[in-house]
Amino acid sequence: MNATEFRKRGKEAVDAIADYYENLDSMPPMSEVKPGYLYGLMPHEAPEDPESFDGIQKDIKDNIMPGITHWQSGNFFGWYPANSSFPAILGDMYSAMFNVVGFNWICSPAATELETVVMDWVGKLLGLDKRFRAIKDDCTEGSGGGIIQGSASEAHVSAMIAGREMMLAHLHALGMNDEEVDGVWHKFVAYFSDQTHSSGQKATNIIGCRSRSVPSDDNFRLTKKALLAAIEQDRHAGLIPFFVCGTFGTTNTAAIDDIPGIAEVAAANHMWFHVDAAYAGAALSCPEFRPLAHGIERADSFNFNPHKWMLTNFDCSALWVADSKHLVNALSIHRAYLPRVKGATSFAKDYRDWQIPLGRRFRALKLWFVMRMYGASGIRAHIRKHVVSAKWLEEQLLADGRFEIVAPVEFSLVVFRIKPGALSDNSGADGEVANRANADLVKLINTDNRVFLVGTKVKGKDVLRAAIGSAHGNQENVELLFKVVTELTTTIISGRY
Ligand code: PLP
């Protein structure tokens, strides 16, 4: 394909993308194909000779589209949102144009420096403490800074690696030699709550340390008391606590852990404190949510996903560290073929030292496009719109009388269930009968396929999660969700399904 052909086909592709977004709500949100559907439709060898773009476009329409679950539909309320926006798509197009691999400053100075600038912008937008800034107010280098990673899971591993480095440095400072430190590494323990995202445990699997799941309280929060008790027990057994994750907006219920309490415990025990705010972090762009995040200024690292609820296409996970030295010490490896700028300053970062892979995409572009084309006010309006809709949904569910709200609605996630008392057969009280009815309600909703959501289990209860936040969704979509939920709840209660 030459540039002339690309010009023509590129315009057609942009038209197809715009058409897709204009028609999103007319399609059922969930793909209804069966496993293996595509294998049966595709040739089993790559083509020997070049094929036409027309044929590919036809295949997208006929074969790929039926297998797409439409995450961008306003009627998609599953998991957490994965926002996309036209500015972010344009930013990604420019990123594809340059296709630089910006692991060191020298690889493409603009890629590195724009990331430094934009991450400081976003940090300020969220009201993060100055400790997390790459560049201080006086334009000199800060000890912290932000980096864009691919996912919150990757950020979790990076934070844990930095935490391990910090504890190793601490043990050395206490007078242990290398051999002694090697001898205790297998005793390192990372702490989470039973509500922490699975990425916490995955990170311990990857780095090979112990993982401790601390029971959350009745509001699904990790408390200082429970954390302290677990640490005390482990210390008694000769183990070494080195890392704790506090979540600001858990996956199941958007609960907020006792961030100030965890910060206190972490500091007293020389532990790395990572805040996972993958979903709810975006809400901090609105000052009214910041009191909920009290204590994050004491964290060692903070992560949220602009690719969830801040209008930026996947993948874009923002990780800040208050002091980059531990991360860089752990991940920096020198080779002659990876040249650095001599006397590097904050403006010449080598972000390969802040992440697991070497190569990195120019992801700052899409975030920069979003920040500029929405502005802080546009981002805040986007967040607030969904929070208002979530409150509306909560009120309607409560007013209906057949539902209970399972967790406080702080952001745009509504976790609810049919009350056991509303079921014609409530013989199982809070137990199996209610669980089965709520699990069946999820299945009915998704088979109906006017809207899509997922269920989960919290403290033994089957519940439904309505994650509002689609960049292309509105109040009308939430009203449709309420209509479908109430209609199908009547079906469940009647037992005729
Ligand atoms: N942390 C929380 C609280 C999440 O809700 C999620 C995903 O929903 C993650 C981490 C993982 O995010 P990612 O897919 O970016 O790894």
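Visitor: How far does a polar side-chain atom of His307 lie from an oxygen atom of the ligand?

Guide: Good place to start, and keep in mind that this is a predicted model. A polar contact here is a pair of N or O atoms within 3.5 Å. For His307, the distance from a polar side-chain atom to a ligand oxygen atom is 3.5 Å.

Visitor: Which residue has a polar side-chain atom 2.6 Å from a nitrogen atom of the ligand?

Guide: Let's look at the residues around the ligand. Ala152, Ser153, Thr251, Asp276 and Asn305 come nearest of the 13. The residue with a polar side-chain atom 2.6 Å from a ligand nitrogen atom is Asp276.

Visitor: What does UniProt list for Lys308?

Guide: In this model, a polar side-chain atom of Lys308 lies 3.2 Å from an oxygen atom of the ligand. Lys308 also touches Tyr80, Pro81, Ala82, Asn83, Ala278 and Tyr279, leaving aside residues up to four places away in sequence. The unreviewed UniProt entry lists Lys308 as "modified residue: N6-(pyridoxal phosphate)lysine".

Visitor: Which elements give two or more residues to the shell around the ligand?

Guide: The elements that give two or more residues to the shell are α5 (152-173) and α10.

Notes. Residues are numbered from 1 along each chain as its sequence is written. This is a predicted model: local features need pLDDT of at least 70, side-chain atom pairs count only at pLDDT 80 or more; totals for chains, interfaces and linings use all residues. Side-chain values use heavy atoms; hydrogens and water are left out. UniProt positions are given in the numbering used here, feature names are shortened, and annotations may be inferred rather than shown by experiment. Contact means heavy atoms within 4.5 Å. A residue is near a molecule or strand if one of its heavy atoms lies within 4 Å of it. A polar contact is a pair of N or O atoms within 3.5 Å; within protein, one must be able to donate a hydrogen and the other to accept it, and residues adjacent in sequence count only if both atoms are side-chain atoms. Helices (H or I, at least four residues) and strands (E, at least two) are DSSP runs, numbered from the N terminus.
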